[in-house]
Structures are given as structure tokens and as C-alpha cells.
Amino acid sequence: MSSATFLPGYFESLDEGQDIMPMLAPDFTFALLWATPEGAREFAGGFDDWQGYMDQRSPDGQRHHISKSLRDGNVEVVTGWTTRHGEPLGTFTFTVELDEEDRARRLFAARTEAFSGVPF
């Protein structure tokens, strides 16, 4: 096992507003569980659904901070927290399975604001 290599670059690209779609495999699938004080919402699907999810995001000022990461073969897991303009936003866990070209094939993520932005 080693530290994650794909997800740190993915978050950096995402936070800088770069196009992350080339980082996804053609057979990409995902499931996200996003919780806010108003309740939890699930997003799931394939490549085209991901673009729809990305289009509805409000990423202005958001940054991902990784606290723990690991890679075992073609699977990565990270935990961390997000901020918006420096203010705590939520905590997250991401798991990604990569294809032979180091592109995301399957991605699962969960985020909550329940921990009041305390780094996880």
C-alpha cells in the first residue's frame, strides 16, 4: 500500500476549475451521497450523469483537503474536509477504482456537514 496518487490530482484540478472529464474512463460509473442540514441526496449514474452532476455544483471558492489517503493496486481511498473561501464546509470520504490508464472507472463518495467542518 502507498499514498493515493490519482485523487490528489483530481481534487487539485477540480478546485482550480479545470476539466476533469478526461480523468474518467469511458465506462465510468459513480454514486455520491451528499448530506446537508436539509437532508441527504444521492447522485448516481454514468459518464453523462456525472456531467449533469458537475453542471449543478456551486464550486466557487471550494477546496478539498486530504487528511488520510491510501492506494492498494488500482483502488484509492481518501478522507478529508472541504472549505469554501477558507471557511469549514464538510467532511468527505472518496473511493475510486482506476482503469489500466489510471482513469477513474468507479467512484463512490460521501460528504456531510454534520461534523461542522472538523478535519476528519
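Mentor: Buried means under 20% relative accessible area, exposed over 50% and partly exposed in between, with a 1.4 Å probe and protein chains only. Helices (H or I, at least four residues) and strands (E, at least two) are DSSP runs, numbered from the N terminus. The model is predicted: local features need pLDDT of at least 70, side-chain atom pairs count only at pLDDT 80 or more, and totals for chains, interfaces and linings use all residues. Residues are numbered from 1 along each chain as its sequence is written, and side-chain values use heavy atoms, without hydrogens and water.

Trainee: Which residues of helix α2 are buried?

Mentor: An α-helix has 3.6 residues a turn, so residues three or four places apart point the same way. In helix α2 (residues 47-56), W50, Y53 and M54 are buried. They share one side of α2 because their arc around the axis, taken from the directions to the C-beta atoms, is only 100 degrees. D48 and D55, on the other side, are exposed.

Trainee: How are aromatic pairs described?

Mentor: One gives the distance of the centres and the angle of the planes. Rings of Phe, Tyr and Trp (its six-membered ring) pair if their centres lie within 6.5 Å; planes under 30 degrees apart count as stacked, over 60 as edge-to-face and the rest as tilted. The count here is 12 aromatic pairs. F6 and Y10 are stacked, at 6.1 Å centre to centre and 20 degrees between the planes. Both lie in helix α1, four residues apart. F11 and F92 are tilted, at 5.3 Å and 55 degrees. This pair joins helix α1 to strand β5 (residues 87-98), 81 residues apart.
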